[in-house]
Amino acid sequence: MTVLGTSPRTAAATTTTPVTTYPATKVLDLRSLHIINRFTGGWTRGLGAQVTAIGGIDKWFARQLTPSLISDTYYTSSGAWWPSNLADSLTTIERANADIEPLWEVSAHYQTWSMVRRIGSQRQVLETMAAFWEHHFHVPTDGSESAGYRQDYGRTIRKLALGRFDTLLNAVSTHPAMGAYLGNATSSKYSPNENQGRELLELHTVGTAAGYTENDVKASARILTGWSVDLWDTWVPSYRTDWHWTGPVKVLGFTHPNTSTDGRAVTKAYLDYLARHPATARRIARKLAVHFVSDNPSNALVQHLATVYLANNTAIAPVLKALIATTEFRYAGGRKVRTPEEDIIATYRALGVGIARPTQDNAAANAMLWQCDQIGLTPFGWTRPDGRPDTADAWTSVSRMLGSFDVHYSMAGRWWPTVGATYKSPAAWLPQTSLRFDRFVDHLSRSILGRPASALILKVASQATGFGAAAIITKDHELIKWQMPRLLSVFLDSPQHLAR
Amino acid sequence: MTENTPTCCQEYAANTGMSRRSLLKSGLAAAGVGVSTSLFGSTFLQASYGATRQAGNVLVLLSLRGASDGLSLVVPHTDPAYYAARPGIAIPKAALLAQDATFGLHPKLAPLLPMWDAGKIAAVHATGLPAPNRSHFAAMEELEDADPGSSARVGWINRLIGQDTYTHPLQAIGMGMSVPITALYGPQRTVSAYSVDSLALAGDDQWDTAHRRRTSMNTMWAAAGGVLGTGGRTALSAITDFGPVRSTSTTPANDASYPDGDLGRALQAAARIVRGNVGTDVIAVDHDGGWDMHTGLGTLDDGLMIRCADELASALAAFFTDLGTLGDKVTVVTISEFGRRVQENGDFGLDHGYGNVMFLLGAGVKGGHYGTMPALENSLDADVPVTTDYRSVLAEVVTKRLNASSAAVFPGFTPETIGAILV
């Protein structure tokens, strides 16, 4: 099944270009745009200038893979906009218990921050990968037991998002947020709870294709016993040696005598084994390929990435480098459909909407959560442990399409959100005091979509506004005075913006 | 696992004291300018599927996501193993409703008692997949694909609506869902939507007298490729085709009162679809309300089960009340990816099991208990065995109510007769 029968690039190439263009508004080559669309929150003219200044997309990407080289002040400054995002988990839980910041608010604050970071951070690739792993090791932001630990969980993943998978797997599997969510926090040798032991195999590592048995699932759960969180009272996490199941364990090819009541060593040995299992390598490779290449990556690509992953001792950055070097990646431009959160993030970036520290609930930095919800799903709001779907057939429903169109229209018109958001004025979109309509459309296409206007976009823009290619547009023109919402929507509602 | 979600969202919305939609629409008057010239009026392209047809019988598939515990919903109260295996969470016999010699209903199913007593609800016991699959996700895929011989990802509802020459996307609707379920996937176009009233194109309003917004969007999406292009065109056409549904009252009929939450909202929308009469054969609704009760399934005083059972029964009762005589053509089937263990775990919960109960409600249903419920075993790993393939239950509904061929909907499967559907 093709996602886009003709990629936007092909479509543009087979139609004639507009009569006159606006080349002064710079765009990058299509490969650079493709990498930007896949590995950042979306195109901005500022990002294009950054790539050019640094000497091209490959240099830019290499630098992004070493996030310590890049300023991270936006992460901490935006994190401080909400009380819980940078706070210690037990402090957050205490505040929730005192009803100062209830857990559902704690969750919502994390969701919005996760989007704000992806809109504003200079560490764009790191933020993209942090979100990727947070979806992989999905713990919902739903105000339930795990909520007090959810911020720390997200921060932990971000710290390790470009490191090694084995480190990441150990960190998330023993984290109180996952333990609370998947029942391992209360699982003991007396009554093992199989939930996390199963999802560790099925969702986080080898997958069902590895052919593990129900006995393997039970052993997996037994290995994980001991990582407790006192969910009834103090919420303090502790390793309970009196809860750890001892005795020989076997999961797939992993065996361990497991004689010690302190099962932390067997846990680490087991997770390290799973991280290096060929089925895990293929599964992670495939998931990366589905997210960054296409909904149906070839087996050859998956195997290639799995080989790189294993050859690099589960390090993630070499896999990403290998991925963008493949031909399959190169020719996959525009073949992924943006999820609701990706749409919102890209829309704020494309319109250049400034986001301020939220002073009220309907400020943009909070309201973007409802914008996501209107399209179909809030970030990490998926209710099941498998994480939100990441393919076009899931994100092209009637609700999704019309929800996106509605959100785009409201933002193009600067109608909502209005608080804590700085929009460009209609006249500010004009690159010079007076120009033809078709040149203006080309300028807007370059600004919003990062590419010259196609003949189709120009035609749609004319239909949407009623102006022909040769109409002369100035700041006093009725297009600027009245019709900019409809004109900007043309770009935001295009297949090029809904895909990445 | 998600019991707080609806509350959280309601609170969040309530806390802001505003309706998202009203805000989104406010200020639109600023766009109100009629543009006199119409340069491209002739290029208006309507993604067209032809007219909708009159609706016949309707199947509502209600999926209880997360694997519901059938033994709590319909309790085999004469089986000593049930009580022995569940010292903390078993439901006392005295509390059970509609007791017969073998079974009794969970007390929170009380809203459905009038329908049960009227013989309009059947419970088919110990149903499930032909072989155990304890993975939520793999089990849901298998259950909804329902074609183990094929690697193509085509859901059984999609095969069902593909049997006739009618190809309108409103023939099968996923309601209350932004992401379509597997059962809907496939070559036949279907519609998934979160609500009825969201089906409108922003900007296509009273001030756009020249219909520029709609015309330009049709042009943009007319030739867009792939799944995304199809999605765009289906959405633009659904706005028009859903008109009769949107025109139905937003107030339930017959004083029906739906419970708060996604299930009530989705079933109320389903009733409006039936009332709107837009040729819909199948409506899929999910209840993703916390059935995965590894911890805290609880008792009759506290826990997840009383909440879920109450929401389920209240919503279904309201649905049939709302439908009134229209209910004479609507049959509801409930399904879950698998059941849960017989024995409770240390967290007052139940781990993943196998066999489960399916309910049939409404039109054509001959009420009572069906299937074979074997004696339970009280051991750590014991399941409710499966004695009836779930496809037999679905096959009976689709053949008798929708005149479909079982062999086409469930390839390679020979259904057994359940006897729970009269006509």
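Modeller: Start with strand 5 (residues 172-175) and strand 7 of chain B, which pair in the parallel sense over four bridges. Ala172(B) has Val282(B) as its bridge partner in strand 7 of chain B. This is a predicted model: local features need pLDDT of at least 70, side-chain atom pairs count only at pLDDT 80 or more, and totals for chains, interfaces and linings use all residues. Residues are numbered from 1 along each chain as its sequence is written, while chains are lettered from A and ligands numbered from 1 in the order in which they are written.

Biologist: Why do you say that strand 5 and strand 7 of chain B pair?

Modeller: Pairing requires DSSP to find at least two bridges between two strands. Strand 5 and strand 7 of chain B have four bridges, so they meet the cut-off. Strands themselves are DSSP runs of E with at least two residues, and helices are runs of H or I with at least four, both numbered from the N terminus.

Biologist: Which other strand of chain B pairs with strand 7 in the parallel sense?

Modeller: Strand 1 (residues 58-64) of chain B does, over six bridges. Val60(B) stands opposite Ile283(B) there.

Biologist: What makes strand 7 of chain B largely enclosed?

Modeller: Burial does. A residue is buried if 20 or more other C-beta atoms lie within 10 Å of its own, exposed if 12 or fewer, and partly exposed in between, with C-beta atoms placed from the backbone. Strand 7 (residues 282-287) of chain B has six of its six residues buried, so the rest of the structure largely encloses it.

Biologist: Which residues of strand 7 of chain B point which way?

Modeller: Val282(B), Ala284(B) and Asp286(B) point one way. Ile283(B), Val285(B) and His287(B) point the other way, and all are buried. In a regular strand the side chains alternate between the two faces of the sheet.

Biologist: Why is strand 4 of chain B called mostly covered?

Modeller: Strand 4 (residues 121-128) of chain B has eight of its eight residues buried.

Biologist: What are the pairing partners of strand 4 of chain B?

Modeller: Strand 9 (residues 356-362) of chain B runs antiparallel to strand 4, joined by five bridges. Thr127(B) stands opposite Asn356(B) in strand 9. Strand 10 (residues 368-370) of chain B runs parallel, with three bridges. Ala123(B) has His369(B) as its bridge partner in strand 10. Strand 11 (residues 388-389) of chain B is also parallel, over two bridges. Gly128(B) has Asp389(B) as its partner there.

Biologist: Which residues touch the most other members of the largest nonpolar core?

Modeller: Leu305(A), Ala270(B), Val333(B) and Leu360(B) do, in a core of 271 residues. Helix 12 (residues 304-323) of chain B gives the largest share of this core, 13 residues. A nonpolar core is a set of buried Ala, Val, Leu, Ile, Met, Phe, Trp, Tyr and Cys residues joined through C-beta atoms within 7 Å. Leu360(B) touches residues including Ala122(B), Val124(B) and Val333(B), leaving out those up to four places away in sequence.

Biologist: What makes helix 23 of chain A largely enclosed?

Modeller: Nine of the 11 residues of helix 23 (residues 455-465) of chain A are buried, so the rest of the structure largely encloses it. Among them are Ile457(A), Leu458(A) and Val460(A). The buried residues of helix 23 pack against helix 22 (437-449) and helix 24 (478-492) of chain A, together with helix 8 (212-222) of chain B. Just after helix 23, Gly466(A) takes a positive phi of about 90 degrees.

Biologist: Is Ala219(A) buried or exposed, and how many C-beta atoms decide it?

Modeller: Ala219(A) has 26 other C-beta atoms within 10 Å, so it counts as buried. Ala219(A) sits in helix 13 (residues 214-224) of chain A.

Biologist: Which residues is Ala219(A) in contact with?

Modeller: Val249(A), Lys250(A) and Val251(A), leaving aside neighbours within four places in sequence. Contact needs C-beta atoms, placed from the backbone, within 7 Å.

Conventions:
Contact = placed C-beta atoms within 7 Å.
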